[in-house]
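Subject: Structure for your review

Dear colleague,

Please find below the structure that I am handing over to you. I would be grateful if you could read the notes after it with the model open.

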Amino acid sequence: MSEWVEACAADDVEEEDVIRFDHAGRTFAIYRSPDDEYFATDGLCTHEKVHLADGLVMDDIIECPKHNGRFNYKTGAAKGAPVCVNLRTYPVKLEAGMVMIQLD
Amino acid sequence: MSAVEVGNKTGSKRDYSLVGESTKRAVETGLASAEWYHTDVPRKVMKELMQRSDGPAIRDTLLWIALILGSAVGAIWFWGSWWCVPFFVVYGVLYASSSDSRWHECGHGTAFRTRWMNDAVYQIASFMQMRNPVQWRWSHARHHTDTIIVGRDAEIAVMRPPDLLRALLSFTGLLDFRYSLPGLFRQAAGRLTDEEKSYIPEMEWLKAIVAARWHVAIYVATAGLAIYMRSFLPLMLIGGPRLYGTWHMVLTGLLQHIGLADNVTDHRLNTRTVYMNPISRWIYWNMNYHVEHHMFPMVPYHALPRLHELIKHDLPAPNPSMWHAYKEVWPVVLRQLRYEDYYLKRELPPTARPYKEEFHNLIIPAAAE
């Protein structure tokens, strides 16, 4: 059963940046692209469980702060060593200035 | 000396194998893939420091290529006379030492903003380093996950008790011909060791074998050309520089962790920052700021001096020179010959957040008298 969860205010995330969102014992990363769109993925890198919210957003790529593993945060696709496993993504919508993500 | 030395003798020997007892213990105690200490830096500032740019690395790489080609042309031109020696001295350091820092920075993907530029320089520098580009990408990832964790880190340069002869030989590059080159031939034949398999994911094994085959093919072609020409010149230009140009890489790189703590989760305890002259810093691409690099590996080489200024209040004082650092290290490694638990614990300034003694002492009970 999926539900929409309020993650943060739209202004909490700077353009081309990411913040961490913890909910119900899980951690997520909320992104704002250079085109002012919002995206959400699992919060930990699939390589070594490092928080992606400390990483660097460049265009549509999030780079892990520990080993520079790169993912496309829009699709979750791993972009090569040292990350091999894709990142899970979540549907996002904006509602009354809030970023909502859809969780299982 | 602004440092406190602690340590005692336990009689226990370290097992540096990546598939042995130390590996199991590191996993069981939580030392493997642990959360590491890092200095607080505001997100806005860190984001600015992490920003990528092609400019500095393109400038440095064009200069690097020009110097390599220029010194190679000089060495070839004067081949057969003593005048070729200074050209080979320059060429050797550029080929065998500066390629290490290029390999490293491009492996992190921080040198250039453009990905293919990082990848291209990474492949070329890996060849110059006699390193399998696939294997070493993974071994370096492990080095950053488990820095100087015994049984986990695949890149511990000086183990305990220290093998001083081996450390000395590493300045000559002979060890590359004893270990690295045969390793490439073994991999080219399709064989990876259990240790290599422990940090290279299975899906990358074939890539590692193919990469080794390319390297071996170039070495075989070079040797063939030398035989055809009845001259050592091709070998002096390809492969051979490992023997006469590695010294600067070892001179600077050996200081990164030698004599400091192992099995801790705070880079201030196991990593060293050393102030160096501008030429060495250019060859080394600022990796003398090594604590800073380990704490924040996403910061490009050209931003490390700024990062250093920002967080130095929280780090042990850097060694003011390589000479100072080696003077500090020498008595420590000598003592480690008899007491392998002995290490140098560097003092923090009063402005720093203290080491988490209780945590580290819990993990390495032998470290304090």
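Predicted model: local features only at pLDDT ≥ 70, side-chain atom pairs only at ≥ 80, totals over all residues.

Sheets of chain A

In chain A, strands E1, E10 and E9 make up an open sheet, in the order E1-E10-E9, with antiparallel pairing. Strand E1 (3-9) and E9 of chain A are the edge strands; each has a single partner strand, so one side of each has no neighbour in the sheet. On average, neighbouring strands here are turned by 35° against each other, direction ignored.

The two pairings of this sheet can be followed residue by residue. E1(A) and E10(A) run antiparallel and are joined by 6 bridges, and A:Glu6 stands opposite A:Met100 in E10(A). Strand E9 (residues 92-95) of chain A is joined to strand E10 (residues 98-103) of chain A by 4 bridges, again in the antiparallel sense. In this pairing, A:Glu95 faces A:Met98 in E10(A). The hairpin of E9(A) and E10(A) has 2 residues between the strands, and A:Ala96 takes a positive phi near 50° in this hairpin.

A further open sheet of chain A has 3 strands in the order E5-E6-E7, and its pairing is antiparallel. Its edges are strand E5 (56-58) and strand E7 (70-72) of chain A, each of which pairs on one side only. Neighbouring strands of this sheet are turned by 25° against each other on average, direction ignored. Between E5(A) and strand E6 (residues 61-63) of chain A there are 3 bridges, and A:Val57 has A:Ile62 in E6(A) as its bridge partner.

A buried aspartate

A:Val57 is also among the contacts of A:Asp17, a residue of strand E2 (residues 17-23) of chain A. The relative accessibility of A:Asp17 is 5%; buried means under 20%, so A:Asp17 counts as buried. Neighbours within four places in sequence aside, A:Asp17 touches A:Ile30, A:Tyr31, A:Arg32 and A:Val57 in chain A, together with B:Arg43 and B:Lys47 in chain B.

Helix H11 of chain B

In chain B, helix H11 (residues 205-229) has 25 residues. From its first C-alpha to its last it reaches 36 Å, close to the 36 Å expected at 1.5 Å a residue. Its buried residues are B:Ala208, B:Ile209, B:Ala211, B:Ala212, B:His215, B:Val216, B:Tyr219, B:Thr222 and B:Ala226. These residues pack against four helices of chain B: helix H6 (115-128), helix H7 (133-145), helix H9 (174-188) and helix H12 (233-237). Just after H11(B), B:Arg230 has a positive phi of about 50°.

The cavity

Rolling a probe the size of a water molecule over the atoms shows where empty space is left. In this structure there is 1 cavity of 30 Å³ or more, and the largest cavity holds about 160 Å³ of space. The lining of the largest cavity consists of 17 residues, and those nearest its centre are A:His67, B:Gly107, B:His108, B:Arg137 and B:His140. Helix H5 (98-108), H6 and H7 of chain B each contribute at least two residues to this lining. H7(B) gives the largest share, with 5 residues. H6 and H7 of chain B are also among the helices against which the buried residues of H11(B) pack.

With kind regards

How values were computed:
Residues numbered from 1 in each chain as written. Chains lettered and ligands numbered in written order. Heavy atoms only, no water. Pairing = 2+ DSSP bridges. Axes fitted to C-alpha atoms, helices over the stretch in contact; angles between N-to-C directions. Expected span 1.5 Å × (residues − 1). Buried < 20%, exposed > 50% of the residue type's maximum accessible area, 1.4 Å probe, protein only. Contact = heavy atoms within 4.5 Å. 1 Å grid on protein atoms, 1.4 Å probe; cavity = no way out; pocket = protein on both sides within 12 Å on 5 of 7 lines; lining within 4 Å. Points joined across faces, edges and corners; volume = space filled by probe spheres on them.
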